[in-house]
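Hi there,

Here is the structure I promised to pass on. Have a look at it, and my notes follow just below.

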Amino acid sequence: MHASRAAALLICLLALPAKGAADAQAGEAVFARCKACHSLEPGKHMTGPSLFGIIGAPSGQADFAYSPAMARANLIWDRSTLAEFLLNPNTMMPGTKMAFPGLRKLSQINDLIAFLATQTP
Ligand code: HEC
């Protein structure tokens with residue numbers, strides 16, 4: 001897709017109401033893109049830290065060797081911080097060692113967040 005079309009599409013998606021119809025089941029499928037590096041088991045860290053209970057959690061707090069950027073980011077992982085991070089990890093957080101190009105669709109991110117929200121104690 002041409003870059004300006006992609007940008008226009010992104011703007012349309014960002015204009016969708018935040019609530020939308022987020023679908024946890026669809027989000028589980030999106031999580032397949034994260035699975036190579038992240039588990040959903042508490043304390044089970046792989047290339048990336050476990051994402052169990054991540055929604056609403058402070059950033060960089062697991063017993064994991066974070067990059068300095070992540071270690072000092074001092075964020076709460078909510079819908080907006082996570083959406084911004086997942087759209088382009090390196091733009092939101094220069095120096096992060098999460099080697100992931102980013103998800104392109106806000107609808108996918110909303111579904112993913114709905115799924116992650118089910119993975120809590
Ligand atoms: C290639 C491996 C890889 C992939 C794929 C990946 N991540 Fe990560 N992720 C990491 C690493 C490594 C870190 C630690 C980053 C740092 O310290 O800068 C991280 C950090 C995170 C954090 C911060 C966790 C914390 O404890 O603060 C979140 C949230 C996250 N990833 C979500 C995701 C999601 C959701 C996906 C799928 C869309 C994904 N990641 C895909 C490797 C990956």
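A residue counts as buried when its relative accessible area is under 20%, and as exposed when that area is over 50%, with partly exposed in between. Please keep in mind that this is a predicted model.

Let me start with the metal site. H38 (NE2) and M98 (SD) coordinate the iron atom of the ligand, at 1.9 to 2.1 Å. Around that iron atom, 6 donor atoms subtend angles of 86 to 179 degrees, which makes the arrangement octahedral. H38 sits in the loop between helix 2 (24–30) and helix 3 (68–71), while M98 belongs to the loop between helix 5 (89–92) and helix 6 (106–116), so the pair ties together parts that are 60 residues apart in sequence. With a relative accessible area of 11%, H38 is buried, whereas M98, at 25%, is partly exposed.

Finally, the core. The largest nonpolar core has 25 residues, and I109, L112 and L116 have the most contacts inside it. Helix 3, helix 4 (79–87) and helix 6 each supply at least two of its residues, with helix 6 giving the most, 6 residues. Beyond its neighbours within four places in sequence, L116 is in contact with F31, L40, L51, I54, I55 and L82.

Best wishes

Definitions and conventions: Residues numbered from 1 in each chain as written. Predicted model: local features only at pLDDT ≥ 70, side-chain atom pairs only at ≥ 80, totals over all residues. Heavy atoms only, no water. Donors = N, O, S within 2.8 Å, 3.2 Å for Na, K, Ca; no water. Tetrahedral: all angles 85-135°; square planar, octahedral: opposite > 155°, others 65-115°. Helix = DSSP H or I, 4+ residues; strand = E, 2+ residues; numbered from the N terminus. Buried < 20%, exposed > 50% of the residue type's maximum accessible area, 1.4 Å probe, protein only. Core = buried A, V, L, I, M, F, W, Y, C linked by side-chain atoms within 4.5 Å. Contact = heavy atoms within 4.5 Å.
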